[in-house]
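Good morning, everyone. I have a few minutes, so please take a look at the structure on the screen before I start.

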Amino acid sequence: MLRNLCKRMFKRSVWVYHCNTGACNGCDIEILNILTPYYDVERFGIKLVASPRHADAMLISGAVTRPTLPLVKRAYEAIPSPKLVFAIGSCASGGGAWFDSYNVTGGVDKVLPVNYYIPGCPSRPEAILFGVALALGLVEKEAAPIELKQVEFPIDMYERNEAWKKRNDIYELLK
Amino acid sequence: MRKELEAQFAVQLHDAVVCVEKTDQRTIFIDVKREAIRRAARIVTDAGGRYMCGVGYDNIARDGTLGMVHTFSMDQNDYFICIRTKVSAIDPVMESITPDLPSAGWSEREFMDMLGMQFTNHPKPKRLVLADDWPAGIYPLRKEVPYDLVPPGAEDVAYQLDEAPPGTRVVPIGPFHPSLHEPEHFAVYVDGETIKGCDYRGFMTHRGIEKLCQTQVSYNEVPFIAERICGICGSVHATAFSQAVESAGGIKIPRRAEYIRTLMLEIERIHSHLLWLGVAGHLIGFDTVFMQAWRVREQLMWLCERLTGNRKTYGMVLIGGVRRDITSAIADDIRAVVKKIEEELRVIHRAIEKDSSIHKRTKGVGTITKEEAIAWGLIGPVARARGVDVDARRDHPYAAYNDMKFDVPVLTDCDVWSTLVVRVLETYEAIRIIHQVLDKMPSGEIFVELKDKIPALRHAITTVEAPRGESTHYVITGEDNRPDRWRVRAPTYTNLQAVPLMLLNEQFGDFPIIMGSIDPCFSCTDRVAVIDLQSGKARSMTRRELEFLSREQLHRP
């Protein structure tokens, strides 16, 4: 539903506003990196703009810290509707390693409605490009094939021994 | 030299010196009583000591005191002097050393916030690190305060910025401001177009990393968290932390691991300097440099991915060594890539060397004299562009730098242009070091298993030369397999304090490039922008206007 809406709403160029709410610079550099010749995001009509008032979408990097919390809300309100919010990197998606530290509020979703999460520490430029293109309906969503997914956690040593013993018990019973 | 200094201490301070302790080859700890701290600092400064940072720590559980360490570097003689003192937690008052040493200002303000210390005669005892709505009386670095304590916020608590000098207007810049890329707030006081002063409210990316690592994780995880202090100079922090713990615990790591650390540090330096060159070009409106520098840099990012599995935050450094080896195949790969980067950088270098528009924007801008640079304790390319010959790789060799031959470029133009040239020249030196590392790398283990526990309550300090200057890490080892205190002092922490001086009497349109010339990295500094609507007289300026103004500067006479 959101994707159909996006396709209709953001038919032409999407201007994005980049907002650092307490990131380590890693994701910010990758966001800047998608402007440079190898990735060249402008060919999709996506442009990084300076003011939230000109923007259609917001790229947020970093866990939201206590001082930036009211500020990021105000920046969000300044973007005209309809608007999209992308949380870029692990910190923005879930708060990162410091999600519950004294000066950190958590991930962006604690503060704003997030539409798309782009994982990675830092997110690769390809991932950011793919995420934005996915939102705009330029590409189809891809899921990893089943065999690449880790279906269950590896059983640790003690449990494995236990399981082995239990299995042998069954064999004992069968005898 | 060291004997003379000790004699000086004995003569001038008499019984105020509690003890002198020498832990390793290059660190001397001097315990003094709290009344003597300012005199002790003055003795070290007179002997040529450069102030690095202050470290406050909580020792209440052990003897009811708060400790404070002022660390100094003797660059000529390769050793560090740490003046330790303690004050009782009930009456944590000591004399400020900031009137003598302006670069100590932030360190003292930080521990006013974080530990509740009080410094008499501090020229600007304002809040520095904590949020403005953080209640008074809760000091997050004290042990009794849990790491996840979040006191309720209050609305409409604004930072009290300095009074504007008479006849000036305030131009607020930030927190979300595209020429900064990170949330920080500057109030710039202007008279017409001329900057007459500047106040800074930062530490908005303070994430409480130090507290987190002192309470939650173990030594194994800290290097990886240290890498995430900064996305650009991550390896630097991981290496510095590991070295500090190794130094405290007396761990000797294999030579090959030291070589691989050197390699990663130099790769990081190239990528950071190219990044800076691009951003600087962007800030003065020369986007071709931005695109070209980042295009050249991109190959290095791909190389890092082949080398370590990630484009940044490499995760290579551990306490006791490194995680991945460099095989001969990958060594050839590195050689080929850095050779190509050198060729392409020379093209860019030739293009900007004689470019009159870059000269117009950067020459004679952001000037401070060598004496001022020494007084403020500037470090890194910012200091080397002001004729201060300081480089931790040469002055306090760590990892494999004592085997390397390299020059430290020092220029005396004292402006933004010379910081640009210093950074480009350093990139060539970094490439030279990488070739040497690959040629000389010894074979052997890359990791040493730690058999014993790391002993508790040992103090250690190390410095690592980050692309922006020297990063200082101070570690006090703790009992629960984690550091008791870990203090990170990133290079921007020192350099940023001198920015108001660089901005003084400059044109407002030059603000972005002067700010950019120190290669600010606020996330390192803070381990921690919107417009200040509180003050009615302020006029907010969008980035577009500022960028426009910045580009207009091009056409000035």
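Start with Asn121(B). Is Asn121(B) buried or exposed? With 11 C-beta neighbours inside 10 Å, Asn121(B) counts as exposed, because the cut-off for exposed is 12 or fewer. Keep in mind that this is a predicted model. Asn121(B) lies in the loop between strand 7 (118-120) and strand 8 (169-173) of chain B. Its phi is near 65 degrees, a positive value in a residue other than glycine.

Next, Asp78(B). Asp78(B) is not a glycine either, yet its phi is positive, about 55 degrees. Look for Asp78(B) in the loop between strand 4 and strand 5 of chain B. Asp78(B) has 13 C-beta neighbours inside 10 Å, so it counts as partly exposed.

Now the sheet in chain B. Five strands form an open sheet in the order 1-2-5-4-3, with mixed pairing. Which strands stand at the edges? They are strand 1 (17-24) and strand 3 (50-59) of chain B. Each has a single partner strand, so one side of each is left without a neighbour in the sheet. On average, neighbouring strands of this sheet are turned by 20 degrees against each other, direction ignored. Strand 3 of chain B pairs with strand 4 of chain B in the antiparallel sense, over nine bridges. There, Val55(B) stands opposite Val69(B) in strand 4 of chain B.

On to the helices of chain B. Helix 1 of chain B lies across strand 1 and strand 2 of chain B, and runs at about 165 degrees to strand 1 of chain B. In helix 2 (residues 37-46) of chain B, Ile37(B), Ala40(B), Ala41(B) and Val44(B) are buried. They cover an arc of only 100 degrees around the axis, so they sit on the same side of helix 2 of chain B. Their cover includes helix 1 (2-13) and strand 2 (27-32) of chain B. Just after helix 2 of chain B, Gly48(B) has a positive phi of about 100 degrees.

Now, where the chains meet. Chain A gives 35 residues to the contact, and chain B gives 41 residues. Helix 2 of chain A supplies the largest share of chain A's side, four residues. By class, that side has 17 nonpolar, 13 polar and five charged residues.

Last, two cis peptide bonds in chain A. One runs from Ser81(A) to Pro82(A), with omega near -5 degrees. Pro82(A) is in the loop between helix 3 and strand 5 (84-88) of chain A. Another joins Cys121(A) and Pro122(A), with omega about -10 degrees.

Methods
Residues are numbered from 1 along each chain as its sequence is written. Chains are lettered from A and ligands numbered from 1 in the order in which they are written. This is a predicted model: local features need pLDDT of at least 70, side-chain atom pairs count only at pLDDT 80 or more; totals for chains, interfaces and linings use all residues. Two residues are in contact if their C-beta atoms, placed from the backbone, lie within 7 Å. Helices (H or I, at least four residues) and strands (E, at least two) are DSSP runs, numbered from the N terminus. Ala, Val, Leu, Ile, Met, Phe, Trp, Tyr, Cys and Pro count as nonpolar, Asp, Glu, Lys and Arg as charged, and the others, Gly among them, as polar. A residue is buried if 20 or more other C-beta atoms lie within 10 Å of its own, exposed if 12 or fewer, and partly exposed in between; C-beta atoms are placed from the backbone. The arc is that of the directions from the helix axis to the C-beta atoms. Two strands pair if DSSP finds at least two bridges between them. Axes are lines fitted to C-alpha atoms, for helices over the stretch in contact, and angles run from 0 to 180 degrees between N-to-C directions.
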